[in-house]
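Work through the exercises below with the structure open beside you. Each task is followed by a solution in steps.

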Amino acid sequence: MDKLTIQDIDLSGKRVLMRVDFNVPLSIGGVADDTRIRKALPTIRYILEQKSSLVLMSHLGRPKGKLVPEMSLKPVAEHLAELLDREVLFSEDCIGDAAEKQASELKPGEILLLENLRFYKEETDNDPGFSQKLARLGEIYVNDAFGTAHRAHASTAGITKYFNTCVAGFLMEKEINYLAKAVESPEKPFLAILGGAKISGKIDVIQNLLPKVDALLIGGGMAFTFFKAKGLEIGKSLLEPEKTRLAAQTLADAEEKHNEIVLPVDVVCVDDIENPTKQINVDVENMPPNLIGVDIGLKTIALFAEKLEQAKTIVWNGPMGIFEKPDYAKGTFAVAESLADRTEKGAITIVGGGDSVAAINQSGLNEKITHISTGGGASLEMLSGYQLPGLVALTDK
Ligand code: ADP
Ligand code: MG
């Protein structure tokens with residue numbers, strides 16, 4: 001990575017202001033899933049070991065510039081305290097005199113979590129005045145919030161103007177290293193698997209990855225717009241009519257440039273997603289007009305597994321079917337199995353995308369994947385070849 005990280009600078013005795021991604025689901029009892037908090041622990045522990053004090057800031061949900069009590073980070077402070085087994089102070093306001101006083105009184109090894117940044121609309125507006133107020137709370141700026149690095153917000157972008165040194169935390173560094181290496185200098189054969197609902201959200205990923213991969217495997221809902229582009233019957237499957245031409249063009253370009261796109265050869269179809277009375281596995285040439293494609297079929301599962309068998313680098317984004325329903329999750333879990341298997345045999349496997357990560361967690365194979373990205377949107381942007389504003393804003397090495 002060409003940006004400074006916390007290991008490149010002397011933090012000792014300093015007050016560190018760190019942007020983290022504590023945008024976690026809450027339930028009545030507190031934090032419902034603390035994955036994102038746990039991912040920030042290595043950086044937090046490292047900073048505290050340097051005899052520094054630490055001010056943490058994050059957003060949670062979309063309060064849209066208003067104080068929404070249900071989106072308070074207070075339960076997160078309590079949860080973090082449990083995880084670290086030490087006190088975590090909380091500031092009811094992320095800016096202002098009280099927050100500044102609390103921050104300035106921190107002793108080495110003490111932590112203060114600020115209230116939800118998005119209680120101010122200035123955060124998402126990347127408002128310079130707001131950035132400046134936040135900047136008063138620390139002497140060194142660290143960004144470990146990979147999940148929001150694709151947004152130029154006050155706490156991720158604007159704020160960096162008010163510090164001499166802005167560095168990446170361990171999580172940010174790890175995410176960037178894996179994703180950037182996969183996209184820029186992957187060990188070959190390099191395969192990508194794309195799925196999920198729509199082409200529209202991922203066409204940039206397709207176009208950026210296609211010339212770089214040895215093969216691009218496409219499943220999920222987006223496959224049907226490609227089938228439509230090929231003139232196949234797709235029944236009542238998910239279709240983006242306005243993207244059919246783009247799909248046709250993508251297939252034609254790939255063929256001309258000898259970039260391999262592998263589409264499903266068969267699909268699982270049902271007459272009704274919620275209450276099916278009929279579920280069949282058909283070749284894509286034989287789809288009946290009234291059915292809906294909900295998963296890749298058995299032949300496709302075998303085909304994808306065979307393609308993946310030689311890969312040394314695999315990037316996966318987007319489920320192969322409506323995996324939320326166990327009956328339609330077979331294709332998605334089979335791909336998860338293939339990745340786990342390849343990882344065991346030395347390949348680098350990377351999974352990005354909110355739903356894909358949920359699927360891999362559900363499959364129980366998450367420990368067997370090289371890298372699971374914590375940022376759905378941010379990982380997609382990286383796979384699209386875009387620069388992340390939150391990363392660009394950090395100090396060059
Ligand atoms: P990710 O969050 O991993 O990037 P997406 O958000 O693009 O993935 O897509 C995930 C969604 O795609 C899931 O909710 C899943 O149900 C849906 N999906 C997958 N296959 C199909 C299909 N054949 N028809 C309709 N929806 C599908
Ligand atoms: Mg999603």
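**Exercise 1. Find the polar contacts of the ligand with the backbone.**

Solution. Start with Gly-321: a backbone N or O atom of this residue lies 3.5 Å from a nitrogen atom of ligand 1. A polar contact here is a pair of N or O atoms within 3.5 Å. Next, a nitrogen atom of ligand 1 is 3.1 Å from a backbone N or O atom of Gly-293. Last, Gly-221 has a polar backbone atom 3.1 Å from a nitrogen atom of ligand 1. Taken alone, ligand 1 exposes 580 Å², and the protein buries 82% of that (areas by the Shrake-Rupley method with a 1.4 Å probe).

A note on the source: this is a predicted model, in which local features need pLDDT of at least 70 and side-chain atom pairs count only at pLDDT 80 or more, while totals for chains, interfaces and linings use all residues. Residues are numbered from 1 along each chain as its sequence is written, and side-chain values use heavy atoms, with hydrogens and water left out.

**Exercise 2. Describe the shell around the ligand.**

Solution. First count: 19 residues surround ligand 1, and the closest include Lys-202 and Asp-355 (near means that a heavy atom of the residue lies within 4 Å). Then sort by class: 6 are nonpolar, 10 polar and 3 charged. Here Asp, Glu, Lys and Arg count as charged, Ala, Val, Leu, Ile, Met, Phe, Trp, Tyr, Cys and Pro as nonpolar, and the others, Gly among them, as polar. Finally, assign elements: strand S14 (292-296) and helix H12 (354-363) each give two or more residues to the shell, and H12 has the largest share, 3 residues. Helices are DSSP runs of H or I with at least four residues, and strands are runs of E with at least two.

**Exercise 3. Describe the largest pocket.**

Solution. Begin with its space, about 1100 Å³. A pocket is an open set of points on a 1 Å grid over the protein atoms alone, with protein on both sides within 12 Å along at least five of seven lines; lining residues have an atom within 4 Å of a point. The lining has 41 residues, and Asp-21, Arg-36, Thr-374, Gly-375 and Gly-376 lie nearest the centre. By class, 8 are nonpolar, 21 polar and 12 charged. H12 gives the largest share of this lining, 4 residues. Ligand 1 itself sits in the second largest pocket (more than half of its atoms lie within 2 Å of the grid points).

Technical notes: Chains are lettered from A and ligands numbered from 1 in the order in which they are written. A polar contact is a pair of N or O atoms within 3.5 Å; within protein, one must be able to donate a hydrogen and the other to accept it, and residues adjacent in sequence count only if both atoms are side-chain atoms. On a 1 Å grid over the protein atoms alone, a cavity is a set of points where a 1.4 Å probe fits but cannot get out, and a pocket is an open set with protein on both sides within 12 Å along at least five of seven lines; lining residues have an atom within 4 Å of a point. Grid points are joined across faces, edges and corners, and a volume is the space filled by probe spheres set on the points.
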